[in-house]
Amino acid sequence: MDIFIRNGMIYDPEIGFHGRKNIVVKDGRIAALTDELLAADTIIDAEGLYVVPGFIDIHIHEDTLTEDQINYSTECAALRMGVTTVVGGNCGFSPENLEEYIAYLQKQGAPVNTMMLQGYNTIRGKFFTDAQNQSAYRQGDVYASVSEAQIEQAKEEVKKSLELGAAGLSFGLEYTPGCSFHELTSVCSVLKDFPNALITVHYRHDAGRCLDSIRECIQLSEETGVPLEFSHIGSCAGYGDKRYMEEALTLLQTAREEGIDITADCYPYNAFSTLIGSTVFDDGALEKWGVSYDAILPIQGKFKNCACTREIFDYLRKEEPDTRVVCFAMKEENVFRAYKDDAVIVASDGKFVENQGHARTAGTFPRVLGLLCRERGILSFEEAIKKMTLLPANRMHLTEKGRLQVGKDADITILDRNAVREGNTFVEPAKAPLGIAYVIVNGNIAMCHGEIQSASDGVFINRQDS
Ligand SMILES: [Zn+2]
């Protein structure tokens with residue numbers, strides 16, 4: 001055997017098994033669950049710890065490939081949280097050259113297993129090469145419509161990406177106001193030929209118009225017949241009046257009861273993060289959220305960690321639009337409410353560049369287990385683990401992951417249930433969480449007590465069509 005994990009408390013969210021067993025890991029798989037104590041080259045003593053399936057984060061923004069190299073800031077943060085599989089390419093944004101990106105993953109490996117979505121905004125932006133690029137999130141004229149010929153061209157690109165193994169197609173509708181519903185249904189029609197391909201959508205509107213956005217997604221999934229993942233519902237419906245979130249969840253639940261395959265994910269913070277030059281901060285945004293300029297905190301550049309004033313905001317919007325900011329605009333209790341819904345998945349929406357970014361990137365999973373479960377009692381440990389493992393595995397049709405059973409992939413997280421919590425803050429976002437003892441990726445120890453042991457055990461995972 002390769003690794004013997006002894007004396008841990010095991011929890012498998014599918015069987016519901018809870019109990020003390022030893023685990024044998026061999027050739028990347030879980031070879032046995034046993035009461036026997038066996039000898040092995042590598043022994044992990046899990047006395048007093050919980051052993052659960054590695055977490056699956058279905059919503060990250062992948063680390064960028066530049067000059068033939070990926071600096072894995074985001075994926076390393078994921079690994080330290082207990083994550084063993086991620087899905088990149090969300091909110092409409094994916095690598096300019098997905099084929100090259102996938103080839104890199106296949107050749108070099110990655111800290112964690114990686115699936116990729118094709119971002120539609122990335123395709124759409126290429127139609128507007130003449131337009132002034134105001135910000136990385138405004139690729140071309142995002143308010144303009146596209147022609148029928150361009151839609152056909154986009155469909156070809158989507159098809160090509162799906163043939164490369166992309167998990168599906170992501171939209172960032174808030175960033176492309178010019179994208180019509182007709183355009184959406186047209187490009188999504190391609191996915192019908194690819195079983196298990198899904199659509200993920202960063203909504204068109206938040207706050208007071210969040211319900212319109214959810215209705216649009218329900219209609220999109222219903223008309224195309226393609227499964228849909230509604231991205232980070234907390235930053236769509238978590239504002240002001242708590243009825244927004246209640247009604248948002250009810251709309252989704254009702255749609256599911258009517259047979260529409262639509263679920264949502266959520267990160268556990270009352271602040272979102274984006275580029276200050278993006279459409280998110282167009283006129284009227286602050287009024288809509290009921291916050292003032294000081295709710296916006298630049299997390300890079302010359303005003304890093306210095307709350308905005310009107311002057312700083314105007315300056316950055318105009319002169320340094322690619323400055324990443326966090327904005328404390330949602331209400332924590334409304335965001336946390338989302339997790340009470342059985343179908344809502346825990347996902348980080350993480351993105352670090354050189355270890356800088358929103359705290360969710362390195363804090364999401366431990367924060368849910370520490371703050372929401374243990375301290376606030378909003379959901380149980382078992383419910384939380386299920387939302388981090390089995391639910392996202394099922395969403396992505398990963399039948400060999402998200403489970404702690406004999407024969408399944410040896411993606412395993414070993415944690416201290418009584419100590420796990422985020423270790424970072426918005427000012428020090430990259431600090432490792434507490435209580436995550438070991439993370440095993442494909443049968444190898446990839447992380448131990450906050451220290452990365454290996455950053456290349458993860459593989460690229462094709463969309464699963466079985
Ligand atoms: Zn998004």
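Visitor: Which residues does the domain assignment give to domain 1 and domain 2 of the chain?

Guide: Welcome, and keep in mind that this is a predicted model. The assignment puts 54-270 + 330-397 in domain 1. Domain 2 is given as 273-327.

Visitor: How much area do domain 1 and domain 2 bury between them?

Guide: Let's start with the positions: the C-alpha centres of the two domains lie 22 Å apart. In contact are 20 residues of domain 1 and 18 residues of domain 2. Of the area buried between the domains, 49% is on carbon and sulfur atoms, and the total is about 1,500 Å².

Visitor: Which residues of domain 1 lose the most area to domain 2?

Guide: Three residues together make up 26% of what the domain 1 side buries. They are Y137, R138 and Y175.

Visitor: What is the distance between the closest N and O atoms of D206 and K288?

Guide: A salt bridge needs a side-chain nitrogen of Lys or Arg within 4 Å of a carboxyl oxygen of Asp or Glu. D206 and K288 form such a salt bridge. Their closest N and O atoms are apart by 3.0 Å.

Technical notes:
Residues are numbered from 1 along each chain as its sequence is written. This is a predicted model: local features need pLDDT of at least 70, side-chain atom pairs count only at pLDDT 80 or more; totals for chains, interfaces and linings use all residues. Side-chain values use heavy atoms; hydrogens and water are left out. Domain bounds come from an automatic or database domain assignment. Contact means heavy atoms within 4.5 Å. Buried area is the accessible area (1.4 Å probe) that two parts lose on being put together, summed over both.
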